[in-house]
Amino acid sequence: MQSALDPAGGDAQRIYWLTVIMTVGGILIFLLVTGLLLYAIFAAPERRAWLGDRRTIIVGGLAFPIVVLSMLLPYGLTVMRDTDVPTPGALPIEMVGEQYWWRVRYPADQERAEFSTANELVVPVGRPISVSVTSADVIHSFWIPNFGGKIDMIPGRINRLNFTAERPGIYRGVCAEFCGDQHARMAFDLIALEPAEFEAWRVDQAKPALEPDLPSLVRGRELFRMGGCGSCHVVRGTEADGQFGPDLTHVGSRRTIGAGQFPNNIGTLAGWIANVQHIKPGARMPSYGSLTGEDLRALAGYLESLK
Amino acid sequence: MNAPELPKAFERGEEELPNPLPRPEGEFEALKRAWKPPRGLRFLTAVNNTYVGVWYVGTAFLFFILAGILALIMRVQLARPENDLVGHGLYNQLFTMHGTVMMFLFAVPAVEAASVYLLPNMQAARDLPFPRLSAYAFWAYFVGGLVFFGTIFFGLSPDGGWFMYPPLTSTKYSPADNADWWLLGIGFIEISAIAGAIEIIVGVMKTRAVGMSLDKLPIYSWAMLVFAVMIVIGFPAIILGTLLLEMERAFDWPFFIAERGGDPLLWQHLFWFFGHPEVYIIFLPATGMVSMIVPTMAQTPLVGYRLIVLALIATGFLSFGLWVHHMFATGLPKMSLSFFSAASTAVAVPSGIQVFAWIATIASGRMRLTTPSLFVIGFLFIFTLGGLTGVMVAVAPFDWQAHDSYFVVAHLHYVLIGGMVFPLFAAFYYWVPAASKRALSERLGRWVFGLMFLGVNVTFLPMHITGLIGMPRRVYTYPVEMGWDALNLVSTIGAFMIAAGVAIFLYDLARNFRFTLEDNAGNVWNASTLEWLPNGTYNTRSIPSVVSRDPLWEQPNLSKDVEEGRYYLPGTVTGGREALVTSPFDARPQYILQVPGPGWQPVLAAVFTAAFFLLLTVKLVFPSVICGVLAVGCVIWWLWETDPGPVRPPADIGGGIVLPVYATGPMNHSWWAMIVLMVVAGMVFTCLIFSYLFLWLVNPGAWPPQGVRIPDWIWPSLSAFLYCASGALVAVASRQLRGDDRRSPRSVPVLIGVALPLVCGASAIDLWMQWETGLSPSAHAYGAAVYAITSLQIFFVLTTLVMGAYTIARWLAGRLDNVRRTTFDNTMLFWYYTAGQGLVALLVVHGFPRLTGGL
Amino acid sequence: MGGRRTGQILLMLAGLIAWAVQFTAIYGVTSTLCGRGWADANLLGLEVVPMTILSATLVTLAATAVALIWSFRNYRLAKHQPVAAVDDFVSHAAVLINGLSIVVILWHGIPAFILPACA
């Protein structure tokens, strides 16, 4: 599910073939060199005598690498030129790396309104994507192995990564630059949808949060308000407008929680709220262990209902 | 003074040796007495290269074991997914310490240590030219290194990765002292590495066997020369980097804080400008060792000596064009990346040359499969594979995938274990007979090799795949169902195989290693080079002249003649320790260097230096300053005994060669050391100017920022005038010290005394006028950069102040005259450097913003 | 070390020094022009970044070629005259180093033909 050897986009495909060619070439050279070494050690002296000469070094150590590398270098540069190329009309997405999650923003596009989400990058199949990345704190690195290389998220700089998803599916991305305590638990999902599904998703995401329709969910929303969750999280359409943590307007629609750590359901949400500092110590959110089981279920239920 | 020409002495046959037999009564006893090591507790004050070398190697190996244990803990943690053996906090400290200790406390010191032991012996020098400097380097490293490692037991170890990228390591995200331990601890151990490098450069260039011209220099010496030059060029970048980051942490000068005009990428440039050459700094000495071992084991001269020299020099240069390949994913323009891609590919060629040279040598002889040979063969296997994956990651698009994944972990361990650890183990097995009563066990050696070779491949081969299927580096755990479980378990098993190999090696060492010099196991391999001559603490009884690269093979009676004292300088002419200084190109004898003997000064200076940095780390500023002053005091005490002057008339060393026992000017060994030190200082300064320009580049329209005024041009002009004037006064003083009649004119201290306030005034004006404009060092990176340049200059001026005062003191004590003037020469060179650096600093700080007009 | 010796060493390292100059020039210019967005400037209708790379490559290549020819002449001379072994060694090393440098400098010119200036 997360592999550079299973390319799902053009760039990853190109790099995959580069990898294959270099691996095969490398193995052949390795066999040649070690073969010669063993021959030099074990062959009969008169048979190996031709090898014990300056000519061996000139041919094997100087001419051969120069010829091989003179071919590899332009090939590598060509792959580099064709990889990660900005395309006009690409879908712009902005991502900000934070300790230890991903803020995702879809800017307004003609009549489509802007909106934010977190830890989930949803893209249409076949349309070029241009992700602008930066960081809110320390350096992170954005990497979805199935779609190509990584790009660092550096405070004060905006980098871009361009790619096109060619197969619908769910892929996993990770932070590749060590970013502190929970670097190991900083992942996200990339969901590639057919264009029509993507448009539908986008329209849904831009809407304000759903109103709770059951008493327990109303209770959950009340707990959310009273607990001060809104000082860090935004739920569009309610008074919660904190900017510090992930946007929760449609948190129920996401596949995973905790930056790609757990499947998203009431149980994991409740566990997360009560035990963040146990499950992901060092994360910026405190544990809310004092909530009663019933309250916790109501709160988690409310969040889960925010489809 | 000119080098005495040698009309016939060393390019003729062996029959007429320089000194006749029998040797005079008591000559050998006097030599032994001069080199006798101190006994009892005073043994710690020994400075001779053999003792310091062995301690140094032992300490480096201790850190290899310790850092290896850290790695084992990490491998156990990663053996299965979601393991909770160690938490994230400890794990992050573990991998930071593993990398840091392996790189800074094991790899560089180990190769430097080996050369402290081997280099003089291989060149038949009596000792290194500055034995107290190597003792200082060792003790500073020993004390500092152990304390630094000890932090792991208190949870105080740095945890930002061995690369310490800000902003993660800046005060905001790492408020505790952990990061300071890295910055001060490692910054200071680099100073020890530089001290060693200066020693090695002067040692290779100036203290060789007679006639060991550049074409006859052992490849190991070539490798160490290139190694030391690379340290001198590369390490200043990291020293400056640590200085800047520590200033940011301590005083809030925003070099790396983006909101205030800094840039985190500046650190990465400085770090990797050191960090990539570092890999070759570790690798080249190891190839030098291999080039010594292979000819011995194949019993044939090395094939392609000149090509190997080419490879070493080319690697030395090209490795400085690779640093950005650690930054391929930082979003720099593809064009910029491509230059580094080209250089990274190019550096493969010299490595190819070396590999094929060894293959050709093996083919031209008959390889005996001893333990050293096995390690060399293992090295060739592992390193070739690591080199090939190195070419792969040099291709940027592939690196975008591999970067910061386990693929790179695999690659770097193949290169470093293959390229450095295996040759080092080969070297242990190969050279132990030169320092021990018994050789190490060949039978156990095979087990050590077998376990380590299999272990390395079992551990790291799977990691190539682990990385390509998506596992990033530096994660303390990983989820189930990622497909990484089995591969990680295999890697963990491999790691324990390596550990088992190392454990058997330790057992072998304990059973067979018995340190000795006079009755060592001897030339058990029938090697061809001079370290296998019979020796003692004085190294060889007499200093041979050599006519080939394989003297022990081509001069059959050499051992016997050297031991009987038939070659040069068979005794001591001053009654103390001496070394023969030779010319750098063709190794003609130039003068007899009076080598300092044991003393507490280097030990105490090192302990106080370490205490200064370590106490500073824990913010005990006052005790720290006291230790700093004591350290400087000890250094002055130590220097006071040096620069002895011509204590006797020129002496006959044999073969009709009469040499002075003292020399000054460009022939002098400390003149060379001073030049190298100036290169180090110049590199620190160059890196600082680079940082200034880099910060300009990332701050369009804000250089200087709004509301900052550049001081009026009159002030920098005055400052520049003062620098020039002080330099001129010192030049006049130097003219006063000409001639051979041993005068010590009164004008010299007066001139220096006048020049000192001038040079101090120059930098004081510079600082004061920036302060006057209200420029704040913490408001914006511009101010930080300006004050950094000014501060560095002030540091140099203060050092000049101490050196000037010291020179005056020497005059007052009657230890300075126009012949005995090495102290003055050193001060003079440093003075010129300081004044020159001051002028360039003024030009940049005041000229550049005017030139660009705030662009 | 006398002037002649310094000259020999400089000639031996000439190609690598030329490479260092080329490398600094092309990297410095590309970074500055791209970093400041000045790369769109034209020099007589030619793009400034590739032109800088090409001219730096040609200049340093020419310098290295001169060093190579010169050191090769020294080496040939050394073959026909009795010279000290060390001089023979240095002149031969000079030929090898300058020769390799030609290849390395050429490689650093290739990107100008393949890659866009600043993307």
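User: Which residue takes a positive phi in the hairpin of β6(A) and β7(A)?

Analyst: G148(A), with phi near 135°; six residues sit between the strands. Strands here are DSSP E runs of at least two residues, and helices are H or I runs of at least four, numbered from the N terminus. This is a predicted model, where local features need pLDDT of at least 70, side-chain atom pairs count only at pLDDT 80 or more, and totals for chains, interfaces and linings use all residues. Residues are numbered from 1 along each chain as its sequence is written, chains are lettered from A and ligands numbered from 1 in the order written, and side-chain values use heavy atoms, without hydrogens and water.

User: How many bridges join β6(A) to β7(A)?

Analyst: Four, with the strands antiparallel; pairing takes at least two DSSP bridges. S141(A) stands opposite D152(A) in β7(A).

User: And which residue of β9(A) is the bridge partner of F142(A)?

Analyst: C175(A).

User: Switching topic: how many residues of chain B are in contact with chain A?

Analyst: 81, against 79 residues of chain A, with contact meaning heavy atoms within 4.5 Å.

User: What about salt bridges across the interface, how many are there?

Analyst: The rule finds two, taking a Lys or Arg side-chain nitrogen within 4 Å of an Asp or Glu carboxyl oxygen. R185(A) and E82(B) meet in a salt bridge at 2.9 Å, N to O.

User: Which elements give two or more residues to the side of chain B that touches chain A?

Analyst: Among them are α3(B), α7(B) and α10(B). α10(B) gives the most, 12 residues.
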